[in-house]
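Subject: the model I promised you

Hi,

Here is the structure we talked about, ready to open in your viewer. My notes follow below it.

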Amino acid sequence: MTANAETAEILDSALARITAGYVFPERTAAIDTAIRGHLAAGAYDGLTAPELCAAVTAHLQEACPDKHLRLLHQEEPQSMEEEPEELAQANFEAMALAANHGVQRVERLDGNIGYLDLRMIGEPGPAARTFAAAMEILARTEALVIDLRQNRGGSPEGVALWCSYFFPDGDTHLNDIYDRVTDSTRQYWTSTHLPAPRYLDRPVYVLTSGFTFSGGEELAYNLLVNKRATLIGETTRGGAHPTARIAVSPHITVTVPTARSINPVTGTNWEAVGVVPDIAVPADQALEVALREAASLLAG
């Protein structure tokens, strides 16, 4: 098989997966037409696999501005068999455990201001004790800064558990996720019972950056639209669609958003536009600004 024929075969497989699974089926014809047009024009001729993935990803997002719609390259060969859901879940939980379920740093800063550096968001089952331990440390602070500037996402259920600590009961409707494959919508609400104290009636500041993505964006968005936190930093990357990863060659994976978030307050989400902070500052200045805001409020 020639290199061009192999590229065409990879793109055929990727486009078939997008057409079958993308959460907005009405957009798939335009995506297919755009990529096949670039292929026919020779845009992918002579590209290495990493270059092909970068070029196709750019063209996918030109045709449909969805940050989760991508071709990804990996050096190590992968199985072409679809990964069972149980195995995918186990792999995610192992990765989350190695990252301490996202809890990078918990600290009580000067002025009795709490600080939580959250890099990802683990599943509630394995992560609940770690979340609770962090909230126990922060429970007696007078204000809290949640740093999501390096948060790359994670579990929607984990997002709901984190949010639960900032609302008084289980009656706050946080998010809905519509799934195309099952044509069903799952609701996410705050939890009635928590293993650590809730953090209520005190100011919360959330730090964001242009890197903040997916589940990290949802956590920021949920707290923002429910008026439970002040966001400080940069507009986030803009990825609101839960995504399947499917091998289309031993070294290339297509990521296909198969679901979408629908916030019950706004009726929409942060896809493509990102979460816009209340106070826009460069990400590297966000913590300083948040601490200044908190100190001024507590003093006043």
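Which side chain does Asp117 meet in a salt bridge? The partner is Arg119, with N and O 2.9 Å apart. A salt bridge here is a side-chain nitrogen of Lys or Arg within 4 Å of a carboxyl oxygen of Asp or Glu.

Before the rest, some housekeeping. This is a predicted model, so local features need pLDDT of at least 70 and side-chain atom pairs count only at pLDDT 80 or more, while totals for chains, interfaces and linings use all residues. Residues are numbered from 1 along each chain as its sequence is written, and side-chain values use heavy atoms, with hydrogens and water left out.

**Salt bridges**

By that rule the count is seven. In the pair above, Asp117 is buried at 5% relative accessible area, whereas Arg119 is partly exposed at 21%. For these words, buried means under 20% relative accessible area, exposed over 50%, and partly exposed in between, with a 1.4 Å probe and protein chains only.

Arg149 and Asp147 make another bridge, their closest N and O atoms being 2.7 Å apart, and both residues are buried. Then there is Arg186 with Glu157, at 2.8 Å between the closest N and O atoms. Arg186 sits in strand 6 (residues 184-189) and Glu157 in helix 6, so this bridge ties together parts that are 29 residues apart in sequence. Helices (H or I, at least four residues) and strands (E, at least two) are DSSP runs, numbered from the N terminus. Arg186 is partly exposed at 45% relative accessibility, and Glu157 is partly exposed too, at 22%. Bridges with shared partners also join Asp12, Asp32 and Arg36 into one network.

**Aromatic rings**

Rings of Phe, Tyr and Trp (its six-membered ring) pair if their centres lie within 6.5 Å; planes under 30 degrees apart are stacked, over 60 edge-to-face, and the rest tilted. That gives five aromatic pairs. Tyr22 and Phe24 are edge-to-face, because their ring planes stand at 70°, with the centres 5.9 Å apart. Tyr22 is buried at 0% relative accessible area, and Phe24 is buried at 14%.

Tyr221 and Trp270 have ring centres 5.2 Å apart and planes at 50°, so that pair is tilted. Since Tyr221 belongs to helix 7 (residues 215-225) and Trp270 to the loop between strand 11 (259-262) and strand 12 (279-280), the pair ties together parts 49 residues apart in sequence. Both Tyr221 and Trp270 are buried. Elsewhere, Phe131, Trp162 and Tyr165 form one aromatic cluster.

Two arginines lie over ring faces: Arg202 over Tyr199, 3.9 Å from the ring centre, and Arg237 over Phe213, also 3.9 Å from the ring centre. The rule there is NZ of Lys or CZ of Arg within 6 Å of the ring centre and within 35 degrees of the ring normal.

**Cores**

A nonpolar core is a set of buried Ala, Val, Leu, Ile, Met, Phe, Trp, Tyr and Cys residues joined through side-chain atoms within 4.5 Å. The largest has 41 residues, and those touching the most other members are Ile146, Trp162, Phe166, Val206, Leu219 and Leu223. Strand 3 (113-118), helix 5 (124-138), strand 4, helix 6, strand 5 (173-179), strand 7 (204-208) and helix 7 each give two or more residues to this core. A separate core of 25 residues includes Leu15, Cys64, Tyr178 and Ile252.

Arg152 is in the loop between strand 4 (143-147) and helix 6 (156-164) and is partly exposed, at 40% relative accessible area. Beyond its neighbours within four places in sequence, Arg152 contacts Met95, Ala99, Arg119, Met120, Phe211, Phe213 and Ser214; contact means heavy atoms within 4.5 Å. The C-alpha atoms of Arg152 and Ser214 are 6.6 Å apart, although 62 residues separate the two along the chain.

Thr28 is in helix 2 (residues 28-40) and is buried, at 8% relative accessible area. Leaving out residues up to four places away in sequence, Thr28 touches Ile18, Thr19 and Tyr22.

Cheers
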